[in-house]
Amino acid sequence: MTTFKRTLLTMLMAGAAPGALMAQIVEPTMPPEPPAFAAQGAPVFVPREAIQGFRKLDSYNEPDFVKAFVEAGKLPPVEERLPAEPLVMETANMPDGAGVYGDVMRHVIGGRPEGWNYAAGNSQGWGGIDIGTMECLTRVGPLFQVEPEDLAPLPNLAKGWDWSEDGRSLTVHLVEGAKWSDGDPFDAADVMFYWDHIVQDPEVTPLNGANPGTFGEGTTLTRVDDFTVRFDFTTERPEQILYAMGYGTFCPGPEHMLRPAHPEFSDNSYEEFRNAFPPDFLNFPVMGAWVPVEYRPDDIVVMRRNPYYWKVDSDGNQLPYLDEMHYRLSTWADRDIQAVAGTGDFSNLEQPANFVESLRRAAEEDAPAALEFGPRIIGYGLYPNLSGNGWGEPDERAQTIRELNRNEHFRKGIAQALDRQRLGESLVKGPFTTPYAGGLLPDTTYFDRESTVFYPYSLESAKAHFAEAGLEDTDGNGILNLPKDMGGGDVVMTLMANTDYGTDRTVAEGVVAMLQDAGINVSLNLLAGNDFDATRDAGRYDWRIQRTGTELVTGVQNTANLAPTGPNTSQLHMANAEGEMDLLPFEEELAQIVRDFMSSNDAEEKTELMKRYQTVATENLYGVGLTAYPGALVVNKRFANVPQGTPIFMFNWAEDNVMRERLFVPEDQQQSHELHPETLPGAPGEDGPVTAG
């Protein structure tokens, strides 16, 4: 039975006239078609094996200044620093071929590093720092250019894997001979520590939220030998695990550094463990291409090449090509401005306020940066706290709002009180934004417009839904009142938004104004990024404005987060302190759809399951979609090997999509921006980088 027919039946049973209902309720539709946008680029598709593979080469090369460290006895020869079979990036897949060594990429970011203990929840400032320092068991960023019929995660720290005959075990083979940036061997001990003492420890929350549910409830991991581990599952062949092994849910930290600081092996509290490696703890061991060697608060983070990096190009050149990375600590808006102006080198242009001017500047002949838009995969949603079970310890007012949130008419009223077209235009004029219904984003693999339920803007319809939820303005002050059994006072709810991004604030302020017109009094709670994350994860919010996550872009990453499939998988509804859930019927249906999707190996079945997911999620407003728009990659023109059609965010952020270890600057275009030339990282915890002398 459609939403409209159910409402009609309810009104008829109550004695209301059908004509009055027709004048009030506006029936849901499909979302409008996005406007055409000619500036969007398209990738060149290739098989996975065309990008990379593992094999031994005849010889290896490295920068001349690194050879000086070998000659001084401060480093082993490059052959001894690499695995017997390193990961080889194929130069034939590089747009400009094998690169040359030298130069620096200058980033600008708006975040501030909390420390280097990513596993325990420290933000490293975002903007690509974490992608430059961490490596995961699989890699997903470059998948935007993989042929659809060959789509699967790329091997990375996991060199390969084998399924058991019954599909309930996955044996993972780790790369052998790879080393952390301080020379300590990478092996199964690092993987098992991450699993046993990070993922499985309820007191630890990794930055990207990995928990047991991420890998399937009941999943276990066992060490087989130094370079082999085995996953055992409760379902048959959950291939979703291969994506869960990628960024940023299975990126092991250095066990030899983390174990001594963990509360189970020390006198530290969990808070002390989380903050054991602050931003000024330099040379923290990484498996990534660059190591943090300098930190100036509110100014800059500098990273130098990892001499033990375990990847090479097919000509035998140890990667990366770039010697240094800079991260100026400014604002996200300044990041775009500096990249377009040429004082920064890289930006994921995602703030719509900068789109028009950036396009105009990029079109000029002397523009220092190239700019290309991708698909509309930046979406904003308005998300209710659906937990009625005490998660977050709500007071009486907050508990009342949660009870309203669980009422479908209240959510529909909220949705139809919002003019999504006007919200998008408040961000940028032109063919950029499109109204977003919620659920899977348009321009993504599993999105199906016909399966999507869209509640169009109608203030009259919104008020009719609020009336169905028992809300009326009984005191005539323009604000709806609660039913008498809920206290009868004005409806007052808080809306949480992130102040790190101007777009979040603009969208939130528009939502507040529109809901005020509909009779809902909204108090805006603006929080900086780290405080926003902590408040959200603790469940201390009524509604929140937030950008959509990876799971709503690809469907195959963080898939468990698409619904409350476990006690801690959904940021809309988590278990209380006693582990109890109080899922609404549609949430239970969503959770089962997602579980079926994760356990299916049939492409057609998965497609049909995602269609069903989209219908249930959008019809029941499991999050109220607001607006969606594209982002643009901005890269200084002196950089080579930038893949065509790189999206700023799809399977991962553009910093991973472009494979920065392959980027280089031709010798005749290199500039003298390095702050620590001809140096390498020092010992963990020591000050700054070191020279060969």
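The legends below describe close-up views of a predicted model.

Residues are numbered from 1 along each chain as its sequence is written, and side-chain values rest on heavy atoms, with hydrogens and water left out. Because the model is predicted, local features need pLDDT of at least 70 and side-chain atom pairs count only at pLDDT 80 or more, whereas totals for chains, interfaces and linings use all residues.

View 1. Thr627 belongs to strand 21, which covers residues 624–629; helices (H or I, at least four residues) and strands (E, at least two) are DSSP runs numbered from the N terminus. With a relative accessible area of 1%, Thr627 is buried, where buried means under 20% relative accessible area, exposed over 50%, and partly exposed in between (1.4 Å probe, protein chains only). When neighbours within four places in sequence are left aside, Thr627 is in contact with Ile378, Gly379, Tyr380, Gly424, Leu427, Thr433, Thr434 and Tyr436, contact being defined as heavy atoms within 4.5 Å.

View 2. Strand 3 (residues 104–109) contains Val108, which is buried at a relative accessible area of 3%. Apart from neighbours within four places in sequence, the residues in contact with Val108 are Arg328, Ser330, Thr331, Asp334, Arg335 and Gln338. Phe346 lies 238 residues from Val108 in sequence, yet the C-alpha to C-alpha separation of the two is 7.9 Å.

**View 3. The salt bridge between Asp299 and Arg328.** The side chains of Asp299 and Arg328 form a salt bridge with an N to O distance of 2.7 Å, the term denoting a side-chain nitrogen of Lys or Arg within 4 Å of a carboxyl oxygen of Asp or Glu. Asp299 sits in the loop between strand 10 (290–296) and strand 11 (300–305), while Arg328 sits in strand 13 (residues 324–329), so the pair ties together parts that are 29 residues apart in sequence. Asp299 is partly exposed, at a relative accessible area of 25%, and Arg328 is likewise partly exposed, at 34%.

**View 4. The salt bridge between Glu608 and Lys611 in helix 20.** In this pair, the side chains of Glu608 and Lys611 meet at 3.4 Å, N to O. Both residues lie in helix 20 (residues 603–619), where, being 3 residues apart, Glu608 and Lys611 are separated by about one helical turn. Glu608 is partly exposed, with a relative accessible area of 47%, and Lys611 is partly exposed at 26%.
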